[in-house]
2 protein chains.
Amino acid sequence: MKKLINKVDDVVAESLAGMYSAHSDLIRLLPNVKAVVRACAPATKVAVVSGGGSGHEPMHGGFVGYGMLDAACPGEVFTSPTPEQMYEAAKAADGGKGVLFLVKNYTGDVMNFEMAADLLKADGVEVESVVINDDVAVKDSLYTAGRRGVGGTVLIEKIAGALAQAGASLAEVKEIALWCNDNVRTMGMALTSCTVPAAGRPTFDLPADEIELGVGIHGEPGRKRVAAMTAAEVVDFMAGAVTEDLPFKEGDEVIAFVNGMGGTPLIELYIVYENLKQYLDKKGIQIARSLVGNYITSLDMQGCSITLLKLDSRAKALWDYPVHTPALRWGR
Amino acid sequence: MKKLINKVDDVVAESLAGMYSAHSDLIRLLPNVKAVVRACAPATKVAVVSGGGSGHEPMHGGFVGYGMLDAACPGEVFTSPTPEQMYEAAKAADGGKGVLFLVKNYTGDVMNFEMAADLLKADGVEVESVVINDDVAVKDSLYTAGRRGVGGTVLIEKIAGALAQAGASLAEVKEIALWCNDNVRTMGMALTSCTVPAAGRPTFDLPADEIELGVGIHGEPGRKRVAAMTAAEVVDFMAGAVTEDLPFKEGDEVIAFVNGMGGTPLIELYIVYENLKQYLDKKGIQIARSLVGNYITSLDMQGCSITLLKLDSRAKALWDYPVHTPALRWGR
């Protein structure tokens, strides 16, 4: 294993310290537990809080800031954060209007966010949770009962975060997050495995001439392994699975999100995006907004995911709402 | 070779098409030659134009937009664009106030930009060129007489682009680009080789327990191969070489830019950044601004580069100037 790290045990702490050093205008770290919160004091608004294992950077810490998350708690690599982290992050972010937890559907995350919610309720904080499960690849999986939460999380955090920033109530912010989750679907694939620092070797073996379709963001098994394909063939398979699932129909407007798994360069992601556009054009599905880049990664894995979110005018306006975070920034 | 591509010959064209599809609000492609220009008509301002081989995305096309480049011409992967591309890109970007070519110091690029400048001058267009050579790793190299142009290019395109956007003259924009080039230094390293699609195999062999310090952005040889090191040791070596070269001194203010080579995830780049900050803190060199991410890449190479640019108040204000491109966006 060759990586730009120091001690395996320090990977998460040092990377968080670096993110803070680079973005101290936007974020700060809590002193006693690993949590990223906004640099400014909590606003009188609903606090949107997420978290999960590290190794998916910039998710979630890179999405803390104006118009998106109020706090994020990172666990160790591919390991759920603790209820204490979630509790402390929520307490630091709470502006008195309640807290919405956005939870990717992994058993440990769901359980720990439930415990954190109970702790907060005992303190009199109003808390709601939305569990995100947008991965169409497999039902049940390593770490997960039901579908996994993957790329759709980025879009939900952006849209729910915008509505919270605009001053909506906890019930309203929860409702849009649920609505987004109902309208978003994702599928991923891998050219190579990731390597978890503490393991020191690839999570799974993938022969030099094979790829895995439907892979999870921790290297969990996907739908199938196949001989290496062209980008267009990969898109046909994945966009087919995604569009059939909702289903997305002719005339739908979508956000099309092509996400890199961490080790795939932009030159390839834009090829995937172009193939996706051609695929959707043929189906009469219109890309109204797009996002292309490495936003929810699996350490150094080479591969990508395709996410489609069916838009209405409200979701489109919230996508366009200003956002000012380390990893996503536009407007104003 | 596993990559998310279709035909090897179509990699650059399809990736450009995808970038355009994703960012047609900011950029457009010329119909007859490969060139990225701003979506809007040329403004009455100095046009800042760059280009070079593909495989370094988002550089340069991803930097076309308000406050940065007016046009970029991408060659095939790791191959200089033609004088015709440069000429057509400059013609499309020219707003009547002259054209500044920003040229990374590779023999083919320099020669072709010179020929393009001659063609433009024959048309009565005022043209100046600045050759960027910020790489401290080696003198002379594969493809290059003298030092190579690398990470500093991103910072120079941002700062010169801002001054052009603010309405300065061609002489003034050239002067700031030269000033930046005098005040910026970079060194890169690789954990792994890149794989050029047309070659189909890694450009160089690097054993599983070795890294290469001072590597170029096309996988050209660096200063030396050594046993794998910690991130802090890599930073000590590279930041040492960079700071000694100018030299950067106690009390200096800098932009610190940690760049990923394309295959290195953000979790590692932030560790490198934190180690760099600690290194510079010890030397009394202050990071006034920072940039961390994959901005000038080498296809799928794993590795990073460290760039420092010594700031004065003018350069700092131009760095902060609004920028609105596919890959860099802030302000307003």
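Me: How much area is buried between domain 1 of chain A and domain 2 of chain A?
Reply: This is a predicted model: local features need pLDDT of at least 70, side-chain atom pairs count only at pLDDT 80 or more, and totals for chains, interfaces and linings use all residues. Residues are numbered from 1 along each chain as its sequence is written, chains are lettered from A and ligands numbered from 1 in the order written, and side-chain values use heavy atoms, without hydrogens and water. Buried area is the accessible area (1.4 Å probe) that two parts lose on being put together, summed over both. Carbon and sulfur atoms give 66% of the area here, and the total is about 3,400 Å².

Me: Which residues of domain 1 of chain A lose the most area to domain 2 of chain A?
Reply: Three residues together make up 18% of what that side buries. They are A:Val136, A:Leu155 and A:Asn183.

Me: Where does domain 2 of chain A lie in the numbering?
Reply: The bounds come from an automatic or database domain assignment. Domain 1 of chain A takes 12–183, and domain 2 takes 184–322.

Me: How many salt bridges are there between domain 1 of chain A and domain 2 of chain A?
Reply: A salt bridge needs a side-chain nitrogen of Lys or Arg within 4 Å of a carboxyl oxygen of Asp or Glu. Between these domains the count is two.

Me: How many residues of chain B are in contact with chain A?
Reply: Contact means heavy atoms within 4.5 Å. Chain A brings 57 residues to this interface, and the number from chain B is 57.

Me: Which residues of chain B lose the most area to chain A?
Reply: Chain B and chain A bury about 4,400 Å² between them, with 62% on carbon and sulfur atoms. Three residues together give 22% of what the chain B side buries. They are B:Lys2, B:Leu4 and B:Ile267.

Me: Which residue of chain A meets B:Lys3 in a salt bridge?
Reply: The rule finds two salt bridges across the interface of chain B and chain A. The side chain of B:Lys3 has its partner at 3.9 Å, N to O: A:Glu268.

Me: How do the residues lining the second largest pocket divide by type, and how many are charged?
Reply: Ala, Val, Leu, Ile, Met, Phe, Trp, Tyr, Cys and Pro count as nonpolar, Asp, Glu, Lys and Arg as charged, and the others, Gly among them, as polar. The lining has 13 nonpolar and nine polar residues, and the charged ones number seven.
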